[in-house]
Amino acid sequence: MRKYFPIALVSIVCGFWQTAAWAGSCYDLQHQEPSELTGTLDYVIFPGPPNYEDVQNGDTPEPSYILKLHDPICIADDVDGFADPNNIFQDVQLTAQQPVFDQFRRFLHQIVTVKTTNPMAAETGHYHEPLLVTVTSIAPAQAKPMDLTDEYGTAATTIRAFYDALGDGQGANASAMIVPEKRTRPAFAPENMTRFYGGLADPIRLIDIVQENTNTFIVNYHYATKSSVCNGRAAITTTMRDGRNYIQGIRALNGC
């Protein structure tokens with residue numbers, strides 16, 4: 001018997017990357033749809049039996065890789081009747097044979113394209129997303145960075161303002177882009193950001209922004225201290241408060 005490993009494909013992320021984005025009609029499972037998806041690969045530990053609620057309250061951990069799609073999708077027309085075309089979602093769960101599964105760790109937090117087969121609607125508690133598919137291959141996707149016109153009307157303008165302020169060593173202006181409750185944390189305190197970013201040998205420079213979904217962006221940036229160079233990559237989550245976008249969190253993806 002072949003051994004399969006549960007994984008889930010989030011980030012993340014289709015939109016202009018997805019081959020057949022949802023636009024009023026759903027993927028037809030009876031026609032083996034979808035056969036390809038693109039998004040940001042991430043890792044989640046879901047709670048399993050007995051209650052499927054919380055691993056810290058005694059439920060069995062069920063680790064999964066996930067892909068967050070840029071645009072929502074839906075599924076319909078499965079033989080067993082488990083697909084709900086009214087359920088619009090952005091996360092897809094997967095299975096994969098060992099050779100493919102082994103590749104997932106090195107693609108973690110990257111935008112990838114996966115070839116898929118055997119799509120199934122969620123049937124039991126072990127299905128943690130509405131759609132389960134088997135990944136037959138995985139490769140890096142060539143995501144298109146946003147240009148300035150793409151950024152209009154999105155939280156990307158807030159992110160760009162944050163990095164512009166850091167590049168000029170203006171910690172107070174950069175901190176104003178962060179949600180208020182986090183501005184007193186050492187990493188986001190105005191005086192700390194001014195001290196660090198204002199003293200760089202090569203000021204921080206935003207290279208590009210890629211949108212994963214409405215509230216998540218991947219940024220690439222560059223800076224240098226007197227002793228090292230950082231070509232950084234980070235996932236930034238945003239939130240809207242009173243009609244204005246703020247940075248909710250920043251997670252470094254490559255250590256600097």
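**Cys230 and its partner**

I started with Cys230, which is buried at a relative accessible area of 3%. This is a predicted model, so I keep that in mind for every number here. I looked for the partner of Cys230 and found a disulfide to Cys256, with 2.0 Å from S to S. The torsion about the S-S bond is 85°, and the link of Cys230 and Cys256 is right-handed. I then placed both ends: Cys230 is in strand 11 (residues 229-241), while Cys256 is in the segment after strand 12 (244-252). The pair therefore ties together parts that are 26 residues apart in sequence. Is Cys256 buried or exposed, or something in between? I get 28% relative accessibility for Cys256, so I put it down as partly exposed, because buried would need a value under 20%.

**The other disulfide**

How many disulfides does the whole structure hold? My search turned up two. Besides the link above, I found Cys26 bonded to Cys74, and their sulfur atoms are 1.8 Å apart. The S-S torsion of Cys26 and Cys74 is about -95°, so I noted this disulfide as left-handed. Cys26 sits in the loop between strand 1 (4-9) and strand 2 (27-28). Cys74 sits in the loop between strand 4 (61-73) and strand 5 (75-76). That makes a link between distant parts of the chain, 48 residues apart. Counting the bonded cysteines in sequence order, I wrote the pairing down as 1-2, 3-4.

**Aromatic rings**

Next I went through the rings and counted nine aromatic pairs. One of them is Tyr43 with Tyr65, with ring centres 5.3 Å apart and planes at 65°. I called that pair edge-to-face, because its angle is over 60 degrees. Tyr43 is in strand 3 (residues 36-47) and Tyr65 in strand 4, so the pair ties together parts 22 residues apart in sequence. Tyr43 is partly exposed at 39% relative accessibility, but Tyr65 is buried at 9%.

Which other ring does Tyr65 pair with? I found Phe104, at 5.5 Å centre to centre and 45° between the planes, which I logged as tilted. Phe104 lies in the loop between helix 1 (98-101) and strand 7 (111-121), 39 residues from Tyr65 in strand 4. At 0% relative accessibility, Phe104 goes down as buried.

I also noted a cluster linked by ring pairs: Phe162, Tyr163, Phe196, Tyr197, Tyr221 and Tyr223.

**Glu151**

Glu151 is in helix 2 (residues 148-151), and at 2% relative accessibility I count Glu151 as buried. What does the side chain of Glu151 make a polar contact with? I found the side chain of Arg160, at 2.8 Å. Leaving out residues up to four places away in sequence, I listed what Glu151 touches: Met146, Ala156, Thr157, Arg160 and Ile209.

Methods:
Residues are numbered from 1 along each chain as its sequence is written. This is a predicted model: local features need pLDDT of at least 70, side-chain atom pairs count only at pLDDT 80 or more; totals for chains, interfaces and linings use all residues. Side-chain values use heavy atoms; hydrogens and water are left out. Helices (H or I, at least four residues) and strands (E, at least two) are DSSP runs, numbered from the N terminus. Buried means under 20% relative accessible area, exposed over 50%, partly exposed in between (1.4 Å probe, protein chains only). A polar contact is a pair of N or O atoms within 3.5 Å; within protein, one must be able to donate a hydrogen and the other to accept it, and residues adjacent in sequence count only if both atoms are side-chain atoms. Contact means heavy atoms within 4.5 Å. A disulfide is a pair of cysteine sulfur atoms within 2.5 Å. Rings of Phe, Tyr and Trp (its six-membered ring) pair if their centres lie within 6.5 Å; planes under 30 degrees apart count as stacked, over 60 as edge-to-face and the rest as tilted.
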